[in-house]
Amino acid sequence: NAFIYGDWDQETQTFDGGLDDLIHELGSNYDYSGSPEDLKAVKKAVAERDAILEFMQGRVGSDAFNDGVPTLQKAWELYVTKLESNKRMSPHYISRAVGRVERLVKTLAVQLGGNLEAGLARPLDTITHEDADLYVKNLYRRVGGKGLKSSASVGRELSIVTSIYNHAEKTTMANWPVAKRGLNPFSSRRKNLEEDHVQNIRRGVTPKLGRRPFRPEELEIFVSEYLPRMNEEAQLITLVTMHTGCRIGDAVGLMVTDYWGGDNDDPIPFLKFSDNEIRNVTKDGFGRSVPLFGVISSRLEAYLDERKAFLQKTSPNLKDAPLFPRYGRKDGSGSGSASQIINKHIHQLRGDDKRLTIHSFRHTLQAKFLYAGANADHSSYIGGWRNEINKGLQTKYQNEGIPLEDLLESLTKAHSVKNWVRGGVDEKMRNWQSLT
């Protein structure tokens, strides 16, 4: 210790001299106001100092030294604490996320230790790339042994495990040996898995399950035959998603005051999608106002007349009232319930084609915009697709105001198109090729 820290000074009650003091002078006390090259030299000196000290103390290359590195159990606890403190997530979504993390961590623990207790006790810095390789293989297996997951699904799960490790390392960084930092064995794997997924689809190993738009005849049948079988709120949620191209969570989370019916000065009705106590606009979406017309406008107006009349008798504050009370739940569970109801009827229509779901309404609007030749920027803006274009459009809308008249013109043009898929000509092409 004297070699490392120097001699103890009784008067100042500090160590004086020694290797630590010398390298501290050369590195940590360096003038940080210098050039970027000087700053790099400082960081290098400090890292070399720490590495030397850890080597002298037996902290590098020693399996015995990992008291400060968190175990898998500790990493799990830290990550759950992070999830539970996220105020942007509803209790329902937090519960689902915590459950998913538990499943992934326990699967890893059993693999690492042969049993749950031993695996959870493993320090993170003892997990190797070979362990991670085996874990990826294990993730492909579905619970109950029912087939294999796609590479894309495995990649998403692996990104959660990567985040658990990274969060634990970041939170306890001071306790990690320098030589063990930044060596997460699970990182940088998702990209390769996603590339494998694309290749597997091309080779036919994995079925192509990407959502597709409704064909015109499918949409006509759905609206005329299947939509009336739902309860009124589910019907209106479906019509909102069809008209605006929004995600179902955005439609379910609307409040009564998110609807504007128009007046003499501002006659265009619209729905406003924004964060509220039921939900945040979903999946990196953003707040926006979407003009209404046609069936959805008249039906919402009639529905809201009754809803407001009821609320005025029972609740003095319309601001806190969900537009669709059956599904607009604060615990976040309403989206799943509405999706289940709507998808049940879509499944009856689609048969075995798993690419047709409620999310297909979103793709249908995009296809309509494309075939109608309407403003493509308005298409992604109305649907709430976050991209570089819409970051600018959102700022413009808030500061200068994209006229609702412009959005209304684009949306009207899109919804007026009669055919928005290539299905007919593609089918003819396949038939012709089969004859030649």
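Strand β5, residues 288-291, is covered on both of its faces in this predicted model. Arg288 and Val290 are buried on one side, while Ser289 and Pro291 are buried on the other.

- β5 belongs to an open sheet of three strands, ordered β3-β4-β5, with antiparallel pairing.
- The edges are taken by β3 (259-260) and β5, each of which pairs on one side only.
- Where does β5 find its partner? It pairs with β4 (residues 270-273) in the antiparallel sense, over four bridges.
- Tyrosine 259 has leucine 271 of β4 as its bridge partner.

**The second largest pocket**

- This pocket holds about 510 Å³ of space.
- Its lining is made up of 19 residues, and α10 (216-226), α11 (232-244), α13 (294-314) and α15 (360-372) are the elements that give two or more residues to it.
- Which residues lie nearest the centre of the second largest pocket? They are Leu219, Val223, Met242, Lys368 and His415.
- Sorted by class, the pocket lining has twelve nonpolar residues, four polar ones and three charged ones.

**The second largest cavity**

- Searching the whole structure turns up two cavities of 30 Å³ or more, and the second largest cavity contains about 40 Å³ of space.
- Its lining consists of Leu72, Ala75, Leu108, Leu124, Ile127, Val161, Ile164, Tyr165 and Phe186.
- Is this lining polar or nonpolar? The count is nine nonpolar residues, with no polar and no charged ones.
- Two helices, α4 (72-84) and α8 (151-171), each supply at least two of the lining residues.
- Of the contributing elements, α8 gives the most to the cavity lining, with three residues.

Methods:
Residues numbered from 1 in each chain as written. Predicted model: local features only at pLDDT ≥ 70, side-chain atom pairs only at ≥ 80, totals over all residues. Heavy atoms only, no water. 1 Å grid on protein atoms, 1.4 Å probe; cavity = no way out; pocket = protein on both sides within 12 Å on 5 of 7 lines; lining within 4 Å. Points joined across faces, edges and corners; volume = space filled by probe spheres on them. Nonpolar A, V, L, I, M, F, W, Y, C, P; charged D, E, K, R; others polar. Buried < 20%, exposed > 50% of the residue type's maximum accessible area, 1.4 Å probe, protein only. Pairing = 2+ DSSP bridges.
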